[in-house]
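This note is written for a colleague who is meeting the structure for the first time. The points below take up its strands, helices, domains and chain contact in turn.

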Amino acid sequence: MTKNISSNCPYNTAVLFGVLLLTLGLTGCSDSPSDEEPNEMVLQSTLNTKIKSLDPISIRDVASSQVAYQIFETLYQYHFLKRPYEIEPLLAEGMPQISDDNMTYTIKIKKGVLFQDDACFPEGKGRELKSWDFVYAIKRIANIKNLSENWAYLDNKISGLDEFREYTKSCKSEEKIDYSREVEGLQTPDDYTLVIKLTKPWPQLVISTLTNAATSPVAEEAAVFYGKNIISHPVGTGPFKLKKWQKGSYIELVRNPNFRGELYPSEGESSDAEAGYLDDAGKPMPFIDKIVWTFIEESQPAWFLFLQGKLDAKAIPKDNWDEAMTGAGELTPKMKQLNIHLETFIEPSTFWLGFNMEDPVLGKNKPLRRAISYVINREKFIELFFGGRGLVAHGFVAPLLDSYDPDIKRYGYAEYNPEKARELLKEAREINGGDIPELKITLPGTETFYRQMGQLLRRYLNDVGINVEVECMDWPTYQEKVNTKSVQIFSAGVTAGTPDAEDFLAMFYSKKKSPGPNQFNYSNPEYDKLYEKIEVMPASEERIRLYRKMELMVLDDCPAAFMNHRLAYVLRHDWYKNYKPHVFGYGLGKYRRIDMRKRAAYKELLKTVK
Amino acid sequence: MIIYIIRRLLYTIPIVFGVLLLTFVLFTLVGGDISIEIAGKGASAATINEIRQEYGLNKPLFLSWDSQFVNHFKSALTFDFGRARDREPVIDKIKRGAGPSLALMVPIFVGTIIISVSLALIIAFLRGTVWDSLTVIICVAGMSIPYLSFILFGQYFLAYKWGLSPVFFSPDLSMAQYTALPILIGIVTGLGGEVRFYRTVMLDEMRSDYVRTAFAKGLSTRRVLFKHVLKNAMIPIITRVVLAIPFLFLGSLLLERFFGIPGLGYLMIEAIGSRDYFVINAMTYISAILFVIFNVITDICYAWVDPRVSFD
């Protein structure tokens, strides 16, 4: 009997397992067939969040921007090599002519720029870029039917545009909207001139909005032809065009043959020549034929792919830190043997523990807020949670911004001083009329990182006699609580999109309280007056002085304990050229180059390294 | 039988209505106002209000023909789930994700059933022997090891170290190539619990009088096991198997994430993370419908495999 069974049923099972293992063997042993041309220069990259859309009106997140900026171009861009960061024309012929009252910008547009070939154009041939394409793009953002997140950039900024938005509300459908309806602040005297008239001076127009993919030109033909499906059919003027997008999986761009052949920059920082960043000076771009981004959210597979040479660069994942770096902050011998290079750079970001200034306990008790700030050991925090990859935030303006004060540490606002905290707490209790009730810290995640962060903060505060409850929650719930002012102490951060700190200062303007960017619900009439002054002030030494003055006002009022600025550690393979860190630019694919010989030799190198 | 099926299908109407009501209450009343997120960072209160109007969030909740609930109900019945937060039609997202999810989950499901039922039959027959004890120990160990560990170790050893499979999805790979390893992991992970369950079911049957009678009459082991024991064990097997089918539609979040399979598991989690109620609502509704349908199928199967179960 037993023989009977063992000779039949296990056979079925074994066959099944066998088939699976065989499939594994076959799939793994054979090198995957590739549709790449033998000498095709492909940039292999990764995205850790999905691309939401490739329609300029919806491009706001990092993942979409990384892709969209290779397809769409803006009027201006940040110079690839020069530091401090400089603005230069991209689709514009030169820098704008600005009227004396700083209200009118006249911009000449380059001639001969073509949209990529696409079915939306007659005979599929991309037509020449005209000034109207910019006007059309901006009007699409204003159109309420499009529900563009980018409207916040333009709200009440361009003369007549808010009226156009009102008009779109009265239209029953998208098709009924007349885009030729005049907007006073958007004029096209000829096909190559764009005039923008503002409602009030807006010094950030060029550096933030006209460098933003949201304002890239859109061909009306494409919007009409693809309708709502334009999110998946980008038609731009940039160096690359979309070849394939398997949503949620990967996206592939190829060279745009209509691209005009922009030249690689010939000037940069003094060290750029030595670093090899000027080797391609004056050569027409782009260098690579194809960019492939694979969507990988988990760090383990991304790390394995990087080590296998299937990704060209990778930020070091927290869990693989020891494999990549020694305790002395250098690459491990294994990384060096693999000819992997380390790039480190400061990110223009600031993270904080914010206080809701409308909270009855915290809002009126400055000594309490100061005490909480003094009780946090920021250096320890950075060491524990970021492996030392960060800088203590002594203020809120991030490094690399024009108005960042490198000596801000001297004011001591981020000092770790428990004794001073205890002194301040005595004062705080008097103001409160007794013991401080239990406070609540709200953290934007439920993973171990946030739970551990909560434990550390609780310990710091408990040490000086402040009781706290820590609540960790998912991001949407957290956002809802912050937006509705339902938090007491919360953790948040921001990364700058331009070298101008105006965005950072707007976070404390009382007219932008939650759900606006002022999540602290901070209100200081004197600060507001200064903000209204700098908001319309062109860049100058005086403006920097005012920025710094405003920062100190905030630091003194302490609506937040500013914690850290981030440092990025990125590994890149030896074959990945022209990889100069750039924190304000996304359209960098055109500068990159791959040394195909070195990439081909990597497989052999990998076999020699254990 | 037709009357029975019609009656059962009519029972589903209040269930589906209940699901619609529940999702509406959860996402509209408890979930809060999504217009702030849609408006984007730095949006003014006026913009937020405009968006609320555009999405119809300013309409009455229930008591009107144009209320939010009636619109929610209408869109569900017509399977017009609108557009997701990224403006892509929800139904397109679901259609796109269903293929990869099913390509992953169906082989896992079928493989797990075949292997676990076969093993359970053998182990039940070998009850009390060292093989039985060993299998139980392995099953318990398999159940105790977290799912994630199987994935991490499988990916590290089988894919990265030994190169038996690709580490991750790549555009130039066939679906068979990039799903083979996750399917193997999915099957191995599920075996512990499944074998244990089916072993218990088989043991109950093996102790029955009719099995002793069958062996006493001289029937072969194969005939007793496959003709009699397996058939009589079909009721719990059907219950477990058929009711698991609707969940195949939901995919596997972890396998999809670790191996880059663009399926519905990840779509659902991503929608929850970004409060994309349009997607969550559609997925919940479709899952509920599938569950109800497969419940009816289960009942029909009972009567089909067991003559003692009557449609009356």
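1. Two strands are taken to pair if DSSP finds at least two bridges between them. In β7 of chain A, for example, A:Leu194 is the bridge partner of A:Ile107. The model discussed here is a predicted one.

2. That bridge belongs to the pairing of strand β5 (residues 104–108) of chain A with strand β7 (residues 193–197) of chain A, two strands that run antiparallel and are joined by five bridges. Both strands lie in an open sheet of four strands in chain A, in the order β4-β5-β7-β6 and with antiparallel pairing. At the edges are β4 (97–98) and β6 (186–190) of chain A, each of which pairs on one side only. Helix α4 (residues 131–142) of chain A packs on this sheet and touches β6 and β7 of chain A. The direction of α4 makes about 170° with that of β6(A).

3. Which strands of chain A pair with β18 (residues 560–573)? Strand β11 (residues 313–315) of chain A is one of them, in the antiparallel sense and over three bridges. Strand β12 (residues 340–346) of chain A also pairs with β18(A) in the antiparallel sense, over seven bridges. Strand β13 (residues 349–355) of chain A runs antiparallel to β18(A) and is joined to it by four bridges. Strand β14 (residues 390–392) of chain A, likewise antiparallel to β18(A), is joined to it by three bridges.

4. Individual residue pairs locate these pairings along β18(A). A:Leu571 is the bridge partner of A:Lys314, and A:Leu342 also stands opposite A:Leu571. Elsewhere in β18(A), A:Ala561 is the bridge partner of A:Leu353, while A:Asn564 stands opposite A:Val392.

5. The domain division of chain A deserves attention. Domain 1 covers 56–231, domain 2 is made of 303–344 + 572–608, and domain 3 covers 349–567. Taken over C-alpha atoms, the centres of domain 1 and domain 2 of chain A are 36 Å apart. Their contact takes nine residues from domain 1 of chain A and eight residues from domain 2 of chain A. On the domain 1 side, α3 (62–71) and β2 (76–78) of chain A each supply at least two residues. The most comes from α3(A), with four residues. By class, the residues on this side of domain 1 are five nonpolar, four polar and no charged.

6. A helix pair in chain A may be examined next. The axes of helix α12 (residues 366–374) and helix α14 (residues 418–432) of chain A come within 8 Å and cross at roughly 155°. Because of that angle, α12(A) is roughly antiparallel to α14(A); angles over 145 degrees count as such. The crossing of α12(A) past α14(A) is left-handed. From α12(A) the contact involves A:Pro367, A:Leu368, A:Arg370, A:Ala371 and A:Tyr374, and from α14(A) the residues include A:Leu424, A:Leu425 and A:Ile431. The residues of this contact divide into nine nonpolar, no polar and three charged.

7. Turning to chain B, one finds 14 helices and zero strands. The C-alpha trace of chain B spans about 85 × 60 × 30 Å along its principal axes.

8. How do helix α11 (residues 234–248) and helix α14 (residues 277–305) of chain B cross? Their axes come within 8 Å and cross at roughly 160°, and α11(B) and α14(B) are therefore roughly antiparallel to each other. Here α11(B) passes α14(B) in a right-handed crossing. Among the residues that meet are B:Ile235, B:Ile238 and B:Val242 in α11(B) and B:Leu290, B:Phe291 and B:Phe294 in α14(B). The contact has 14 nonpolar, four polar and no charged residues.

9. Finally, the contact between the chains takes 59 residues from chain A and 60 residues from chain B. Elements of chain A that give two or more residues to the side touching chain B include α1 (2–6), α2 (9–29), β9 (250–255) and α16 (475–483). The most is given by α2(A), with 11 residues. By class, the chain A side has 24 nonpolar, 22 polar and 13 charged residues.

How values were computed
Residues are numbered from 1 along each chain as its sequence is written. Chains are lettered from A and ligands numbered from 1 in the order in which they are written. This is a predicted model: local features need pLDDT of at least 70, side-chain atom pairs count only at pLDDT 80 or more; totals for chains, interfaces and linings use all residues. Domain bounds come from an automatic or database domain assignment. Two residues are in contact if their C-beta atoms, placed from the backbone, lie within 7 Å. Ala, Val, Leu, Ile, Met, Phe, Trp, Tyr, Cys and Pro count as nonpolar, Asp, Glu, Lys and Arg as charged, and the others, Gly among them, as polar. Axes are lines fitted to C-alpha atoms, for helices over the stretch in contact, and angles run from 0 to 180 degrees between N-to-C directions. Angles under 35 degrees count as roughly parallel, over 145 as roughly antiparallel, 65 to 115 as roughly perpendicular and the rest as oblique. A crossing is left-handed if the near helix is turned anticlockwise from the far one by less than a right angle, and right-handed if clockwise.
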